[in-house]
Amino acid sequence: MMSMYTKNINTHLVEIKSYFKVAISVDCVIFGFNGNELKVLLIESDLKEYKGKWSLLGDVVRPDEELDEAAYRVLKARTGLDDLYMEQVQTFGAINRHPAGRVITVAYYSLVNIEHVELKKHNNDLHWHSVKDLQNMAFDHKQILDTCHERLKQQVMVQPVGFNLLPKKFSLRELQNLYEAILDVELDRRNFRKKFLSMDLLMDLNEEEEDVPHRPAKLYKFNFDKYDQRKKRYLGIGF
């Protein structure tokens, strides 16, 4: 005869097994910057429920894989790059967020220079899309995208993460265009330049732009070594 204790143990084991019928995934919001637009790398969904809609790049986390490892694997597989800025942002676990069953996803955002990316296409299309033009997406990916965009807005004001989106050599015009695209605001040109130059973190390369349709501008490079020495007292960027 089964004891009450044994029954309770068996019931508990059944409950635990049911809890493990949950998948964990990672979704990567890969931001890029091209011209005057903040862009995100998307793939066309291959699920019939979301036919014709765009989704973020992601995958299920393998049993022997750390979360960050899974995110880097997705980035490497699709961009060919493995040395990227990446930050874990938030977990999304709504019960009905995935048609296949309970899938809890951990969202990351990453910043890449579009010029350095050679997209790895498989069976479905892969494209850069303007962030401000996106409306309806597959799953809850618009919510994830918006959440990561808000985090980027916060981070770009307190850390120099935005420079990961620019070429190593850039003009002040390109730098201002980047901040305006991320923050979705129009910044005063004189104040912006005065602020950045006063921080003494930009290296004047004594070079100018080439093959541009406008008057060539001076080129700069961000001094990450000087920033590392000062970051404990770095108060961010206030416009």
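A salt bridge is counted here when a side-chain nitrogen of Lys or Arg is within 4 Å of a carboxyl oxygen of Asp or Glu. The model is a predicted one, and by this rule it holds eleven salt bridges. One of them joins aspartate 27 to arginine 97, with the closest N and O atoms 3.8 Å apart. This pair links distant parts of the chain, since aspartate 27 belongs to strand E1 and arginine 97 to the loop between E5 and E6, 70 residues apart. Aspartate 27 and arginine 97 are both buried. The two residues also belong to a network of salt bridges that links Asp27, Arg97 and Asp140.

A further salt bridge brings together the side chains of aspartate 59 and arginine 73, at 2.9 Å from N to O. Because aspartate 59 lies in strand E4 and arginine 73 in helix H2, the pair ties together parts that are 14 residues apart in sequence. The two partners may be set against the 20% cut-off for burial. Arginine 73, at 19% relative accessibility, counts as buried, whereas aspartate 59, at 35%, counts as partly exposed.

The buried residues of H2 are Ala70, Ala71, Arg73, Val74, Leu75, Arg78 and Thr79. Among the elements that cover these residues are strands E1, E2, E4, E5, E6 and E7. Glycine 80 follows H2 and has a positive phi, near 75°.

Within helix H3 (residues 141–158), lysine 142 and aspartate 146 are four residues apart, about one turn of the helix. An α-helix has 3.6 residues a turn, so residues three or four places apart point the same way. The side chains of lysine 142 and aspartate 146 meet in a salt bridge of 2.9 Å, N to O. Lysine 142 counts as partly exposed at 22% relative accessibility, and aspartate 146 counts as partly exposed at 35%.

How do the axes of helices H4 and H5 cross? The axes of H4 (residues 172–183) and H5 (residues 189–198) come within 11 Å and cross at roughly 105°, which means that H4 is roughly perpendicular to H5. On H4, the contact is made by Leu172, Arg173, Leu175, Gln176 and Tyr179; on H5, by Arg189, Phe192, Arg193, Phe196 and Leu197. By class, the contact has six nonpolar, one polar and three charged residues.

Conventions:
Residues numbered from 1 in each chain as written. Predicted model: local features only at pLDDT ≥ 70, side-chain atom pairs only at ≥ 80, totals over all residues. Heavy atoms only, no water. Axes fitted to C-alpha atoms, helices over the stretch in contact; angles between N-to-C directions. Helix = DSSP H or I, 4+ residues; strand = E, 2+ residues; numbered from the N terminus. Parallel < 35°, antiparallel > 145°, perpendicular 65-115°, else oblique. Contact = heavy atoms within 4.5 Å. Nonpolar A, V, L, I, M, F, W, Y, C, P; charged D, E, K, R; others polar. Buried < 20%, exposed > 50% of the residue type's maximum accessible area, 1.4 Å probe, protein only.
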